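Trainee: I have a structure open on my screen and would like to go through it with you. Can we take it piece by piece?
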Amino acid sequence: MDVAIIGLGMHPFGRSPQKTGLQQGAEAAREALADAGVDWKDIECGYGGSQDGGNADSIVNELGLSGLQFTNIFNGCATGGSSLHAAYSTIKSGEYRNALVLGFDKHPRGAFNPLPAEWGIDDWYGETGLMLTTQYFAMKIQRYMHEYDISEQALISVAEKAFYNGSINPTAWRRQALSREDIGTSQMVSHPLRKYMFCNPAEGAVALVICNAEEAKRYTDKPVFINAAIVRTRHYGSFEVFSPSQPVITADSPTVIASQAAYEQAGIGPADIDVAQLQDTESGAEIIHMAENGFCAHGEQEKLLEERYTSITGKLPVNTDGGCLANGEPVGASGLRQVHEICLQLRQEAGARQVRGKPKTGYTHVYGAPGISGVTILSR
Amino acid sequence: MSDYPIHSNLFTWPTSNPVLLGGCCPHCGEISFPAQSSCRNCSRNDSNVIELGNKGLLWTWTIQSFLPKPPYMRDETAETFKPYGVGYVEMPAGIRIESRLLIADPNKLQIGMPMKLVIEKFSPNDQGGHNLCFAFDSLENSQWT
């Protein structure tokens, strides 16, 4: 059974002090239901998650106690990807005909402060100041830049592109374009990454209505089909966040493994992708993920960024909505924001940031703690 | 003496020449740090504790420039906070250890530089002494053996 996305909803990302995370989730859900033309009481199952915004299944208190099966997903940065995967699998199996996929979040200001015990690590690791995602990403790109001879200019290019794309996206949080100088002279946060090269924890919500593809045309003339939805965790030997140590032997990252499985499931390759959303919690991540998802060779990124290959007008536009850098990262919603953006691009509804050439195939990729990755391939 | 390691089994103590401790799987040779009995490589569950030594090469690094939120427990405020280095040090035993670095100057840190283990008085404990934590400092090339 093929699966299609028929409804899209989003509560703008940023800070909404007057609303709870759940209320933002409800707004996104109502918008997705209206977009699909489906009544809430006709939704057969739901999958959703939030890290800091409360239980996703509480959404029934907002939308109505309809009796549906609703499963909470709690999977770090891959929460959205995992929720979509679970819903996709359920529809594909034929058990249900439609599903709501929901992600929302509401984080306090500042960096995340994870508790070691929740990640299977003893307290000393957090007490001595080693358990910060910012440090890990800085150390990962520091090593990568050393191995592949990439300069700070590439980090600046990614951020410059993100904030430009954010400036033409009405639902982005950071909507002011920044100059290369603004970025390159901003405060050094975790060497080599500066303030404007990092995304911030934020708030926001995304909802999708999906159904089996045979019924999609009943609801919309613009269904987006899910050709692959894959989630993978780390193998022994990959360099991951929250690792007090790592083996000297190296293994492919969970991104590489999820990406390859997704191409295999969809029966296409990276050259067939027209527009992509790649996890960019900081500038370095987008650079690494360009190669890990098969879009270029390791070390080729700086040249491609100089050529604006991944800009909206480039050959492979990446993070057309401004990505995590311009939207912030409400963990539960972030992966679904990527899917939402690809659907808008494939439906030709992306406004000022619409990529040219009527894109047919899109790609989304999330990566998160403690070494998990979710990839989807979508087409119209 | 009322100074104690912040956690057991991270390094040998008390001793004048401390070394890091890790786990080693008798079946596949996987080395873990901190030591754990479960093997992340072959899934068996009877790893032994071994010594990992006190010298290594800096594999990657960064500098922590803002005061971490709790559970960070050093006696510091945002005003008194001193940036610290963080890196992975590759030990000859065959594992890379994440560690605080005593160097917090980006001009003095370089991938590949030799490092040596030091034991730091990290924070006051409730017995009038200190919690001891491991860290790495640079080792002059001439001392590298």
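Trainee: Which residues of helix 9 of chain A are buried?
Mentor: Bearing in mind that this is a predicted model, the buried residues of helix 9 of chain A are A:P254, A:T255, A:I257, A:A258, A:S259, A:A262, A:Y263 and A:A266.

Trainee: And what do those buried residues pack against?
Mentor: They pack against strand 8, helix 10 (283-292), strand 11 and strand 12 of chain A.

Trainee: What span should helix 9 have, at 1.5 Å a residue?
Mentor: Its 13 residues, 254-266, should span 18 Å, and since the end C-alpha atoms are 18 Å apart, the expectation and the model agree. Just after helix 9 of chain A comes A:G267, which has a positive phi of about 75°.

Trainee: Switching to the sheet, what is the strand order in chain A?
Mentor: The order is 3-2-4-7-1-8-12-11-10, nine strands in an open sheet with mixed pairing. Strand 3 (69-72) and strand 10 (275-278) of chain A each have a single partner strand, so they stand at the edges with one side left without a neighbour in the sheet. On average, neighbouring strands of this sheet are turned by 20° against each other, direction ignored.

Trainee: How many bridges join strand 11 to strand 12 of chain A?
Mentor: Eight bridges join them, with strand 11 (residues 361-368) running antiparallel to strand 12 (residues 372-379), and A:T361 stands opposite A:S379 of strand 12 in chain A.

Trainee: At what angle does helix 13 of chain A run to strand 4?
Mentor: Helix 13 (residues 331-346) of chain A runs at about 125° to strand 4, and the strands it lies across include strand 1, strand 7 and strand 10 of chain A.

Notes:
Residues numbered from 1 in each chain as written. Chains lettered and ligands numbered in written order. Predicted model: local features only at pLDDT ≥ 70, side-chain atom pairs only at ≥ 80, totals over all residues. Pairing = 2+ DSSP bridges. Helix = DSSP H or I, 4+ residues; strand = E, 2+ residues; numbered from the N terminus. Axes fitted to C-alpha atoms, helices over the stretch in contact; angles between N-to-C directions. Contact = placed C-beta atoms within 7 Å. Expected span 1.5 Å × (residues − 1). Buried ≥ 20, exposed ≤ 12 C-beta atoms within 10 Å, placed from the backbone.
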